[in-house]
Amino acid sequence: MFVDPLCPECWALEPIIKKLQIEYGKYFSIRHVLSGKLATLNMSRKKRYETIAELWEKTASRTGMSCDGSLWFENPVSSPYLASIAIKSAELQGRKKGIRFLRKLQEVLFLEKQNVSNFEVLKNCARSVGLDVEEFVTDIHSETAAKAFQCDLKITNEMDVQEIPTFVFFNANVEEEGIKITGLYPYEVYVQILEEMLQEKPEAANPPILEQFLKQYKMVASKEVAVVYDITVQQAEKELKKLMLKQQVEQIPAKYGVFWRYVEG
């Protein structure tokens with residue numbers, strides 16, 4: 001999966017990724033490749049920020065995954081490169097931790113409007129997902145993380161990935177060309193590709209009970225719950241409010257829609 005931490009469409013894919021992993025996770029594994037595409041927007045700074053802000057707002061209102069474009073006028077990300085290097089540094093402590101760190105980075109960026117090229121913000125993200133912060137800081141300044149990012153950029157070029165997000169599906173059993181799919185599609189499209197790759201109909205696993213889901217992911221949007229459980233956003237919020245009354249989750253208002261944080265018991 002080719003992503004950029006600042007890309008709102010990658011953020012909007014989160015509900016679909018969660019559902020795919022819950023239902024069909026035993027059939028595939030995801031490797032995140034950082035594309036560095038947004039880092040190369042070549043307009044004047046003011047124009048560039050206006051363009052990105054508008055894209056964020058449009059994506060949020062269309063997809064229900066909130067992102068607040070006003071960040072680009074109040075607290076703009078000065079170095080997208082540093083955010084990418086930070087993700088690579090997190091991955092050096094394990095792939096799962098790398099994925100958790102990427103998600104946390106997206107949360108503080110899209111919801112809390114924090115500047116993810118700020119070193120303190122990155123350290124706080126690392127701390128909150130359980131990384132060894134000292135090791136993380138050392139790795140950010142290391143050649144290893146820089147090389148890992150360069151390697152991702154090389155793969156992006158070799159696979160001729162022009163847009164973000166892009167998925168390339170490979171079959172582990174067969175030395176075949178991968179199937180490349182660019183952009184944001186309905187869930188069924190990804191399932192169909194899985195079927196084609198497997199040459200059989202994969203069996204969907206049932207989602208866990210809602211409390212378990214929240215415990216696993218810590219913070220989720222109403223939209224993510226709705227997609228994973230095949231219910232409307234209104235139904236999702238009704239169930240989440242029940243959990244809120246039990247003090248199992250707290251509500252986090254966002255510019256578009258609502259997020260919910262799991263309360264550790």
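Me: How do the residues lining the second largest pocket divide into nonpolar, polar and charged?
Reply: There are 17 nonpolar, 3 polar and 1 charged. Charged means Asp, Glu, Lys and Arg; nonpolar means Ala, Val, Leu, Ile, Met, Phe, Trp, Tyr, Cys and Pro; the others, Gly among them, are polar. The model is predicted, with local features needing pLDDT of at least 70 and side-chain atom pairs 80 or more, while totals for chains, interfaces and linings use all residues. Numbering runs from 1 along each chain as its sequence is written, and side-chain values use heavy atoms, without hydrogens or water.

Me: Which residues lie nearest the centre of that second largest pocket?
Reply: Phe-28, Ser-29, Val-168, Phe-169 and Phe-170, out of 21 lining residues. A pocket is an open set of 1 Å grid points, over the protein atoms alone, that fit a 1.4 Å probe, with protein on both sides within 12 Å along at least five of seven lines; lining residues have an atom within 4 Å of a point.

Me: And which elements supply at least two residues of its lining?
Reply: Strand β3 (166-169) and helix α10 (187-198) each do for the second largest pocket. Helices (H or I, at least four residues) and strands (E, at least two) are DSSP runs, numbered from the N terminus.

Me: Switching to the largest pocket. What is closest to its centre?
Reply: Lys-96, Ile-99, Arg-100, Gln-216 and Tyr-217, from a lining of 25 residues.

Me: Where does the largest share of that lining come from?
Reply: From α6, with 9 residues. Helices α2, α6 (95-110) and α11 (210-217) each give the largest pocket at least two lining residues.

Me: How does its lining split by class?
Reply: The largest pocket has 8 nonpolar, 7 polar and 10 charged lining residues.
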